Amino acid sequence: MSIGNDVRDCKSPDIARRAHLLAGFRFLDHTLRGCGQVIFMNSPVTGLLNLAAMFWGAYAGGATPAVAIGSLVGALVSTATAYPLHAERGALRSGLMGFNGMLLGAGIPTFLANTPVMWVVLILAAAMVTVVTLAADAALRRVKVPGLTFPYVFATWTVLLAAYKFPTLGIASLPPPALPSQVDALGTVPGLQEFVHASLASVSQVYFVDNPVSGAIFLVALVVHSRWCAGLAAFGAMAAVACALAVGADPVAVRHGLWGYSAVLTAPAVGCIFMRPTPRTFAYCAAATLSAVFVQAALATLTQAVGIPPLTFPFVLTTWLFLLARRDSRDASASASSAGKPSQ
Amino acid sequence: MSIGNDVRDCKSPDIARRAHLLAGFRFLDHTLRGCGQVIFMNSPVTGLLNLAAMFWGAYAGGATPAVAIGSLVGALVSTATAYPLHAERGALRSGLMGFNGMLLGAGIPTFLANTPVMWVVLILAAAMVTVVTLAADAALRRVKVPGLTFPYVFATWTVLLAAYKFPTLGIASLPPPALPSQVDALGTVPGLQEFVHASLASVSQVYFVDNPVSGAIFLVALVVHSRWCAGLAAFGAMAAVACALAVGADPVAVRHGLWGYSAVLTAPAVGCIFMRPTPRTFAYCAAATLSAVFVQAALATLTQAVGIPPLTFPFVLTTWLFLLARRDSRDASASASSAGKPSQ
Amino acid sequence: MSIGNDVRDCKSPDIARRAHLLAGFRFLDHTLRGCGQVIFMNSPVTGLLNLAAMFWGAYAGGATPAVAIGSLVGALVSTATAYPLHAERGALRSGLMGFNGMLLGAGIPTFLANTPVMWVVLILAAAMVTVVTLAADAALRRVKVPGLTFPYVFATWTVLLAAYKFPTLGIASLPPPALPSQVDALGTVPGLQEFVHASLASVSQVYFVDNPVSGAIFLVALVVHSRWCAGLAAFGAMAAVACALAVGADPVAVRHGLWGYSAVLTAPAVGCIFMRPTPRTFAYCAAATLSAVFVQAALATLTQAVGIPPLTFPFVLTTWLFLLARRDSRDASASASSAGKPSQ
């Protein structure tokens, strides 16, 4: 099951060399697909474009290079860990063992100081992410709901919360722990340009990048593989930005994409990835997107009290609820129709 | 599946009008049963009496009219949302799609300022409650435990926590966020009249009403349908008040019914709704009622830190534990007896 | 099913007396096995040695006598409660209904003042622990994961959090509630003697005893029944102490065993109790042990905010994750091999 398996059977050194090379390419392919699966795309091209957008974000100043490097390291380590843990072949080949590692690798250098200890912990945590991925799959399989980015959220929260106890892990930019208190209304309504900026920044914030150009590249990386998904991600960003402004969220945070990134993932997840896209599904997806904004606010209140960011848990929680509710209704209608009774 | 389904098949306008009227009556019936299901009663009469008690509480000054109006709106919206989501017919007809909406509709105006934005959010949240209800059913079906009022707790907590981030949702009376600190002993032992007052207020607090007369009407609404349930609700209230006073809980909060409302639901849930009422069950129910008081205190400590009330989650958690434990024991004894082995 | 069952059938008073005696001995045996099951040993001898170590810890000053007495009372009450609740015979006989009660009985007098009310609550909570044990078994059976010490953690947290609201339950030594703030580096690297002290104290802290001699007796109690388990418990303690010091944890807390006790349980759980001990398993167990240290730190940050200790929840959470991940991989590989496909 290890990457070397195919090699050991080979007879001549020449074939062995080629097999090694092939195994290396395969591993790279699985890792790049992992970089694409952050936004549900089983495509090495999308993955490569995502990495390009991250390095662009780092170059253009929206994020440190460590975030881009960390995301590549995280994806490599968590994909590699999946081999000795006997992850399901299909999942591994589709990149499903890499996307949580990529996000963790982007998240940890965003919040912790760039030290050797941080990199050691990042690598260990990226390996642990694969354990959590397999555990989440085992636990959630029974309710037929995917683990989404929960493993990344769990492992990153663990490292960030642990940093408060371990001085060798310097905290760079975590939200200062504070009891909840209602924020003041600020009331500056942004123009269209601001609105587009905030929406594109929401897309890039999925990857901890605060840069509208990167956001545009991420959307292009989506169009390559699925126009539905790209369209719904853009819709999610715009709907969330509009909703957050309407209820009076802090406009500066909105501009930096912090109120839209969960919706960028929720809208395609509910609208076209885990449900068939129909007009009916779109209405359901719009409700999920709106809910994600409120869940984001609620979780931000909770996590701020303990000095950590909500990460993408608002997306995970909202999508779990809407997918669970869907199945239930399907089961119910299935059993009703099989009983052959008229609908009323 | 929509309420209009029966209408479309009709030929003459006269029959169509009658069918429309019939569908309207059915919808009202389902909503009123929802108002009864707050306290486990599948009865439109109990539902109507519950609403009457709420409006009485509003009139008599124990609560604002918005709480009574909100509870009706919440029940209507969440019941209506269940149709397009294809909720199970049986559950819909028994009012199981309405009681969480009714509680949410009473809860939100209790804690947030009475503004148009609050009403828009209340309606959206009441629709979301139905999604959470279906999701909870799907997740809990496997362990054969009911969702109870969890969907209401989840959606209301989400809105209240989100209000800290959204200035347009003014906070009217949430508990001020505070780190835990042990309360001082107050030591005034109340007389019998105070004890009865506190117990009846505990019943009315299930519906966010702080009024012993409303509490008495709620009990009458129960007697209509089930004397067992009414008796156990009264027992739960009295046992919780006695236990809370014995361990030194704040007597003012006890008087306002804040230490008894979870037990008012826990006692009938364990004692006669989800288990057959026997002397043995009664002992189990008494243990659950006592546990609910401690779980209430523990959750109050946790939720106060983030500035929200525990709502009925103490009831939900305690009842889940005691129902899960019961099934387990039943399974075990069933397999033991089927194996035909002697008991020792 | 009650302990008196065998008695009622008896005819002569002499046989009845003997049967009573026998039932008493059996009950004592189940309780002592419960004291052994704290560290996974189904052995009354280990249980007796564990109790001896606790009384030694109390005598030598590392803990109050109430901790030792409480642990015996807790084990007796929770084991006795399992009879009327129809716990599975096999689980009862192996002591699986007693170890959570033993830990709760040691934990409550550690944190709360030694008053009559505390003892009443301890007895009620020890009974409640059995309800939670049965509930956890029912909920977790579907994912084939054991409840571990979760019931003890849940019930003890409930009582400690409730104490903040109930002045009759005096708080003796809970961590003062505080928002997270990064601790300063202290940088004193301890010598070998300190290292051994910290490792043995980590073993004794499983039982709330801070005493290296007690730690050594606990290890001897393990060797009696399983050398693998004793070796892995010692490995877990040493690995956790080394890891905590390496990342800069407070050396005073490390010396008192507060950074190692979760790993003392995690290492044998993953390494030899719930998985077959192989070199491969050992690598997995080492990863779990390291993870437990980070999970311990993360949970300590969270629980400190609400003024309670993390207890053994870091062990529970880490072990659940690693056991869930293992099964998943096994299922996957099983289905892959049954499909008869080559591994690549």
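Tutor: Let us begin with the domains. Chain A is divided into domain 1 (1-174) and domain 2 (179-333), with bounds that come from an automatic or database domain assignment. This is a predicted model, in which local features need pLDDT of at least 70 and side-chain atom pairs count only at pLDDT 80 or more, while totals for chains, interfaces and linings use all residues. Residues are numbered from 1 along each chain as its sequence is written, and chains are lettered from A and ligands numbered from 1 in the order in which they are written.

Student: How many residues of domain 1 and domain 2 of chain A make up the contact, and what makes two residues a contact?

Tutor: Two residues are in contact if their C-beta atoms, placed from the backbone, lie within 7 Å. The contact takes 35 residues from domain 1 of chain A and 36 residues from domain 2 of chain A. The C-alpha centres of these two domains lie 23 Å apart.

Student: Which elements give two or more residues to the side of domain 1 of chain A that touches domain 2 of chain A?

Tutor: They are α3 (44-59), α6 (99-111) and α8 (150-163) of chain A. The largest share, 9 residues, comes from α3(A). Helices (H or I, at least four residues) and strands (E, at least two) are DSSP runs, numbered from the N terminus. On that basis chain A has 15 helices and 0 strands.

Student: What makes a residue on that side nonpolar, polar or charged?

Tutor: Ala, Val, Leu, Ile, Met, Phe, Trp, Tyr, Cys and Pro count as nonpolar, Asp, Glu, Lys and Arg as charged, and the others, Gly among them, as polar. The side of domain 1 of chain A that touches domain 2 of chain A divides into 25 nonpolar, 9 polar and 1 charged.

Student: Why is Val241(C) called buried?

Tutor: A residue is buried if 20 or more other C-beta atoms lie within 10 Å of its own, exposed if 12 or fewer, and partly exposed in between, with C-beta atoms placed from the backbone. Val241(C) has 28 other C-beta atoms within 10 Å, and is therefore buried. This residue lies in helix α11 (residues 227-246) of chain C. Not counting residues up to four places away in sequence, Val241(C) touches Phe195(C), Ala198(C), Ser199(C), Ser202(C), Val254(C), Trp259(C) and Gly260(C).

Student: Why does Tyr284(C) count as partly exposed?

Tutor: Tyr284(C) has 19 C-beta neighbours inside 10 Å, so the residue counts as partly exposed. Tyr284(C) lies in helix α14 of chain C and touches Val270(C) and Phe322(C), not counting residues up to four places away in sequence.

Student: How do you know that the length of helix α3 of chain B agrees with its number of residues?

Tutor: The expected span of a helix is 1.5 Å times one less than its number of residues. Helix α3 (residues 44-59) of chain B has 16 residues and should span 22 Å; its end C-alpha atoms are 22 Å apart, so the two values agree. The buried residues of α3(B) include Leu49(B), Leu51(B) and Met54(B). Its buried residues pack against α2 (13-37), α4 (65-82), α6 (99-111), α9 (192-205) and α10 (212-223) of chain B.

Student: What makes the relation between chain B and chain C that of a three-fold axis?

Tutor: Two copies of a chain are related by a rotation about an axis and a shift along it. Copies are superposed by least squares on the C-alpha atoms of residues with pLDDT of at least 70 in both. Chain B can be laid on chain C with an RMSD of 0.0 Å by a turn of 120 degrees and a shift of 0.0 Å along the axis. That is therefore the relation of a three-fold axis. Chain C can be laid on chain A by a turn of 120 degrees and a shift of 0.0 Å along the axis, with an RMSD of 0.0 Å.

Student: How do you know that chains B and C meet through different surfaces?

Tutor: Only 6% of the interface residues of chain B are also interface residues in chain C, so the copies meet through different surfaces. In this contact, 34 residues of chain B are in contact with 36 residues of chain C. The elements of chain B that give two or more residues to its side are α14 (279-305) and α15 (313-338). By class, that side of chain B has 21 nonpolar, 9 polar and 4 charged residues.
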